[in-house]
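Thanks, everyone. I would like to go through one model with you, starting with its contacts and overall form and ending at a single residue.

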Amino acid sequence: MKFQVLADDVAACNQLADNLRAALKNLKLDVPVEMDASPSLIANLNVGSPVLAEDHRVIASGKMMSTAEITELLTGLHGAEIDKLRIAAERSKKKAHLFKGILLLIAILCGVFAIVNEIRQRRAEAAAEAARPVVLRYTRPIRMLYFYRRPRTDDDVQYEVLLRRVAYAAFPEEIKRKTFSIESLDGGSPANAAALRKYGIKSFPAVILVQDERFLPLVIADDEIPQKKLMQTADQLNNASAEARKE
């Protein structure tokens, strides 16, 4: 099935073609439409302009037909065929909806499976973590005291941030279990004057590691690794405290 629109002027040809396409759309027919605006061709056909033809057979002429008129004409000419095409189109549409529904269901099931699998994996990891024995480096608490004095410089603040990062990297379990703690103290506060005298602090910032009644200053040279130096100093203090308890 193919339609031709002929007219002796372009405007009439375009208008009839637009009405024809709208009618075909209403009837759910997907067929080609050819156009030809040629006065000589109309004269040779001995019909009035514009002309609507189907497979080169004139089915209407001499009148600008509306979309509704073309729809009625085509329904009269191809009623049974149009019904079959409609039924086929509806079936195709239903199949497309069914296929989309199946894909959506598969996507939902895959999402649910992924979520359930993630939950199971996290529970297994949590169970394994809970079952893993915790080995603490220190059984007796160690306190890291960071003394500063106002006004604080940017270097002082950055040094404290570095110390805290190093401590959390070196002793994550100890900090979690509170066998290693970090405190920041204002060296200019009268409340901390006794601590300054006790630990012999005369310059700031200063870092002291304390366990029981023993303490050691933490001094990190430029060529030393902060985490390694912190662990060495803490181990030294812990060992000294252990020896003192034996005595």
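Let me begin with contacts, meaning heavy atoms within 4.5 Å: of those in the protein with a separation of 6 or more, 67% are between residues 24 or more positions apart. Please keep in mind that this is a predicted model, in which local features need pLDDT of at least 70 and side-chain atom pairs count only at pLDDT 80 or more, while totals for chains, interfaces and linings use all residues. Residues are numbered from 1 along each chain as its sequence is written, and side-chain values use heavy atoms, with hydrogens and water left out.

As to overall form, the C-alpha trace spans about 130 × 45 × 35 Å along its principal axes. The radius of gyration, taken over C-alpha atoms, is 45 Å, whereas a compact globule of 247 residues would be near 18 Å, by the rule of 2.2 Å times the number of residues to the power 0.38. Of the 247 residues, 30% count as buried, that is, under 20% relative accessible area with a 1.4 Å probe and protein chains only.

Is N19 buried or exposed? N19 counts as buried because its relative accessibility is 12%. Leaving aside residues up to four places away in sequence, N19 touches M64, M65, S66, T67 and I70. With M65 in particular, a polar atom of the N19 side chain lies 2.9 Å from the backbone oxygen.

Definitions and conventions:
Buried < 20%, exposed > 50% of the residue type's maximum accessible area, 1.4 Å probe, protein only. Polar contact = N/O pair within 3.5 Å; in protein donor to acceptor, adjacent residues only side chain to side chain.
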